[in-house]
Amino acid sequence: MKSTQRAKTLARAAAIVAVFLCATVLPHPANAETGADAWLRYSPLSPQAAKNYERLPPQIVLLGDSPVLKTAQQELIQGVGQMLGRTLHVGIASSRNAIVLGTLTELPALIPELHPPQDLRPDGYWLKSTKFRGSECLIITASTDRGVLYGVFALLSKIARAESLADIDIATLDELQNPYAPIRWVNQWDNLDGRIERGYGGPSIFFVDGNVRADLTRAGQYARLLASIGINGCAINNVNAAPGVLEDSFIAQVSRIADVFRPWGVQLSLAVDLGSPKLIGGLDTFDPLDPRVAEWWRKKVDEIYRRIPDFAGFVVKADSEGRLGPSTYGRTHADAANVIARALKPHGGVIFYRAFVYNHHLDWHDLKSDRAKAAYENFHPLDGAFDDNVIVQIKNGPIDFQVREPVSPLFARLGRTNEAIELQITQEYTGQQRQLCFLVPMWKEALDFDMHIDANIADVNTTPVKALVAGRILHRPVGGFVGVTNVGMDATWLGSPLAMANLYGFGRLAWDPNLTAEKIIDEWTRLTFGNDPLVVKAITTMQLNSWHIYESYTGPLGAGTLTNILGNHYDPSPESSEENGWGQWHRADHAGIGMDRTIATGTGFIGQYPPAVQQLYESLARSPDNLLLFFHHVPYTYVLRSGKTVVQHIYDSHYDGADRARDFISQWKSLEGHVDNERYRDILTRFEYQAAEAIVWRDAICDWIYKLSGIPDSKGRFPTRLSH
Ligand code: GCW
């Protein structure tokens, strides 16, 4: 693809020139920032906004002295001090006019007349202002210490966003918040040598050169960020796990990370290799049904809990992308999961067993073979066979974090198994943090998708994915949300200040998936950039539009991200998807494009959904246009609902997407002087770059489609410009 390469080089050169030119005179930094504080900046409020909090009691009473409660107290003092310029004093139990922090166990002894809500669940919190001994008090209480910490962060968030008196009157505050699901975890794909698989924010904050870092300051700061959005678990190492993490000497090192997580209520977990009993344990087998293997896991887990008493559990990737798995011994995934689950059970630990299991040596000649079918085929037959502390961790879509996929049918088909949905915060296929792509709107589509499960199975009318994974509808003991984050040592954590909206958004959705994308991005923007209405309007609009824009020039109509799947997962390279066994096929040829996954003539993938969903996708007429090519193979001249042909839609979408990506530059420039200089410049540079990359994508894909289809652009933009 010579012309593509040329276009790419030109566009990149243009970007470099633009970046150079924009480094001209900019306003003085109002408040130069690196992005390291993310949404916990606690910037001073304007005097007018601070008035809302004049009645905030001047002292804190802490009931209890656990590390988490002490953290809560410290955070409150810091936040109020920075934002309101007031020093909260630490009082004693008999103090009047205080903010009282404590769990439901301690509180009644102090204020017997207070009646906390009956439905306060673990990790939930209650913010309540009340009269006590004739003075005003603000109570932050919960059934667990962690809930108290979450309550403190919630109060500080309100102050930072300067919620108006109408929304938060300190004198009448009465707010109960419960998390939607017990599991709100992140996974890091950190290797022990310090590199991060699919990480775009620098090296690992946990590991360097095969060891745990000596200085774990950043790990502690990360735990603080996680706690502030209600995340309670973190698996610190790559799911392509190095067996060495389970060496006793390494566990001793890892316990230091657990120590810096603990004050923030974040529990540590490890990804482990199923082959460990053989690879590091000295056994000649890792057969999950061999009693020696069970005994090995039991002893290993006991040892871990001896060192890390609040250890959360394991994550396992097995029989996937070359990993060892139970298939070696003809055993099932349930056998593999359960042998480890039984070792964890006495300690209250859980195991996440990933459903990302597929054959990456598929026969691409076979039009019936389909990677999308793999998770269901592997796990549906095992429904009911997993122990109750096993959680099957399922990627949101059936392929692999593409810019658009339908939701995985497996969510609907594990009625007797705990589930978690795995969402990818690190933007592997969605711009790698170098391009703006706010993923909350995409995740919400998956979470809100109604699976229409047979009413006989679940006695309800709607069965959205969010309720299924949280274990609500089918009454599972545990379940929820896992986000693959991959923060690194970069000051901005993820490699870009704007990308942090995805981590924030993941946490907020895991806490409450009923929040709207608009609400989440409004919160994040205010916390990250302040409450200037101009800034809030511009950034929220850009973020909310960004996924559709990115999709429109990288993979419209559900064809998948047309990227280099054999290399960096970033540059355009639609040919790389075909003629290999990875199964990320779009089946584009001279006549048409798309994977036929219908029951009638295709791979039959659609048959994995409940009947009502099958009917939606099986019919070409009813299938939504934005997933058309995921489910159907159509000629380029097929006419969409818009009245456009597929080929013209692809051309228009790419031109429109590239134009809209370019518009980010002027939208961002409208904020000059309203955003601190440091972030203003940094982000401007990124938008200049993205505009150039969007042109690279536009030209590469339009060129490819034109060469395949032979159909020119009806608007005359193409092929004229590129053919010479
Ligand atoms: O898509 C693939 C990624 C791999 C990743 C794998 C997985 C950790 O490209 O880098 O491996 O998904 O989710 O296991």
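How far is an oxygen atom of the ligand from an N or O atom in the side chain of Arg354? In this predicted model, the separation is 2.7 Å. The side chain of Lys395 also places a polar atom 2.7 Å from an oxygen atom of the ligand. For Arg198, an N or O atom of the side chain is 2.9 Å from a ligand oxygen atom.

Two helix pairs were examined. Helix H7 spans residues 248–261 and helix H9 residues 291–307; their axes come within 9 Å and cross at roughly 30 degrees. Angles under 35 degrees count as roughly parallel, and H7 and H9 are therefore roughly parallel to each other. The crossing of H7 past H9 is right-handed. On the H7 side, the contact involves Asp248, Ile251, Ala252 and Ser255, which meet Lys300, Glu303, Ile304 and Arg307 of H9. By class, the residues of this contact comprise four charged, three nonpolar and one polar.

The second pair consists of helix H15 (residues 517–529) and helix H16 (residues 533–554), whose axes come within 9 Å and cross at roughly 130 degrees. H15 and H16 are therefore oblique to each other, and H15 passes H16 in a right-handed crossing. H15 contributes Ala517, Glu518, Ile521, Asp522, Trp524, Thr525, Arg526 and Phe529 to the contact, while H16 contributes Val535, Val536, Ile539, Thr540, Gln543 and Leu544. Eight residues of the contact between H15 and H16 are nonpolar, three are polar and three are charged.

Note on methods. Residues numbered from 1 in each chain as written. Predicted model: local features only at pLDDT ≥ 70, side-chain atom pairs only at ≥ 80, totals over all residues. Heavy atoms only, no water. Axes fitted to C-alpha atoms, helices over the stretch in contact; angles between N-to-C directions. Helix = DSSP H or I, 4+ residues; strand = E, 2+ residues; numbered from the N terminus. Parallel < 35°, antiparallel > 145°, perpendicular 65-115°, else oblique. Left-handed = near helix turned anticlockwise from the far one by under 90°. Contact = heavy atoms within 4.5 Å. Nonpolar A, V, L, I, M, F, W, Y, C, P; charged D, E, K, R; others polar. Polar contact = N/O pair within 3.5 Å; in protein donor to acceptor, adjacent residues only side chain to side chain.
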